[in-house]
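Colleague: I should like to learn how to read a model of this kind, feature by feature. Please give me the general idea each time, and then the case at hand.

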Amino acid sequence: MKTILRGMKIGAAIITCNRPEMFKVCLESIPMHKLHRFIIVDDSVDKTHIEYEPHSSIHTHGKGVAFAKNAAFNYLFNEEKCDYVFLIEDDMRIINADIFDAYIAASKLTGIEHFLFGYHGPANKAGISGGDPVPRIVIDYPGGLKIALNQHCVGAFCMYTKSAFDVVGLFDTTFHNVWEHVEHSLRLVKNK
């Protein structure tokens with residue numbers, strides 16, 4: 001896929017907490033050459049078990065995933081002035097180096113400013129984690145683009161535009177370790 005990222009500032013963050021083996025697999029899968037800015041946000045209380053160099057890191061010391069994702073947003077959108085931000089939880093593994101290009105191209109074509117990867121874990125699949133995807137509907141766009149709409153909101157790999165972030169802002173930190181992305185996505189749907 002030809003890159004469409006020229007002239008746009010793309011940022012990504014891995015959100016991690018106490019899973020060094022998963023973190024390592026996730027980190028090694030990130031196509032860094034596609035990004036302008038990258039940060040690791042570690043929410044574990046003890047950070048001595050993960051190597052971050054040469055990457056920048058922020059430590060949120062057990063405050064929860066919503067707080068950690070907000071730290072990533074603040075750094076990438078507010079300090080680094082990124083146009084697009086990808087939040088990647090540490091149990092994800094990127095298998096297609098063009099994923100950032102594909103999400104941004106889909107956003108530009110459809111006008112959708114926030115995407116979630118829908119097939120992490122058993123949600124939106126036929127029964128189990130390894131099951132086939134079962135979207136509610138697939139929308140065909142020009143040029144062969146297909147967007148699957150799923151029943152469940154899965155927040156392990158997400159893309160946000162700066163304009164979407166400007167409308168709804170940060171995650172609600174009353175959600176300590178789950179559901180923060182569902183509430184945030186709902187706010188995006190209601191306000192965009």
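Modeller: Let us begin with burial in helix α2, whose buried residues are Val65, Ala66, Ala68, Lys69, Asn70, Ala71, Ala72, Phe73, Tyr75, Leu76 and Phe77. Buried means under 20% relative accessible area, exposed means over 50%, and partly exposed lies in between, with a 1.4 Å probe and protein chains only. Helices (H or I, at least four residues) and strands (E, at least two) are DSSP runs, numbered from the N terminus. The model is predicted: local features need pLDDT of at least 70 and side-chain atom pairs count only at pLDDT 80 or more, whereas totals for chains, interfaces and linings use all residues. Residues are numbered from 1 along each chain as its sequence is written, and side-chain values use heavy atoms, with hydrogens and water left out.

Colleague: Why is α2 described as largely enclosed by the rest of the structure?

Modeller: Because eleven of its 15 residues are buried, α2 is largely enclosed. Just after this helix, Lys81 takes a positive phi of about 60°.

Colleague: What span should the twelve residues of helix α3 have?

Modeller: The expected span of a helix is 1.5 Å times one less than its number of residues. For α3 (residues 99-110) this gives 16 Å, and the end C-alpha atoms are 16 Å apart, which agrees. Helix α2 (residues 65-79) reaches 20 Å from its first C-alpha to its last, close to the 21 Å expected.

Colleague: Which strands do the buried residues of α3 pack against?

Modeller: Packing is read from contact, meaning heavy atoms within 4.5 Å. The buried residues of α3 pack against β1 (10-16), β4 (84-89), β5 (114-116), β7 (146-149) and β8 (157-161). Ser107 in this helix is buried, with a relative accessible area of 6%. Leaving aside neighbours within four places in sequence, the contacts of Ser107 include Tyr84, Phe115 and Met159.

Colleague: What is the order of the strands in the open sheet?

Modeller: Two strands pair if DSSP finds at least two bridges between them. The six strands of the open sheet follow the order β3-β2-β1-β4-β8-β5, with mixed pairing. Its edge strands, β3 (56-59) and β5, each pair on one side only. Strands β2 (residues 37-42) and β3 run parallel and are joined by four bridges; Val41 stands opposite Ile58 in β3. Helix α5 (residues 180-191) packs on the sheet, touching β4, β5 and β8, and its direction makes about 145° with that of β5. For such angles, axes are lines fitted to C-alpha atoms, for helices over the stretch in contact, and the values run from 0 to 180 degrees between N-to-C directions.

Colleague: How many residues lie between β6 and β7 in their hairpin?

Modeller: Five residues lie between them, and Gly143 in the turn has a positive phi of about 80°. Four bridges join β6 (residues 137-140) to β7, and the two strands run antiparallel; Asp140 stands opposite Lys146 in β7.

Colleague: Is Ile147 buried or exposed?

Modeller: Ile147, found in strand β7, counts as buried at 9% relative accessibility. Beyond neighbours within four places in sequence, Ile147 is in contact with residues including Ala106, Thr110 and Phe115.
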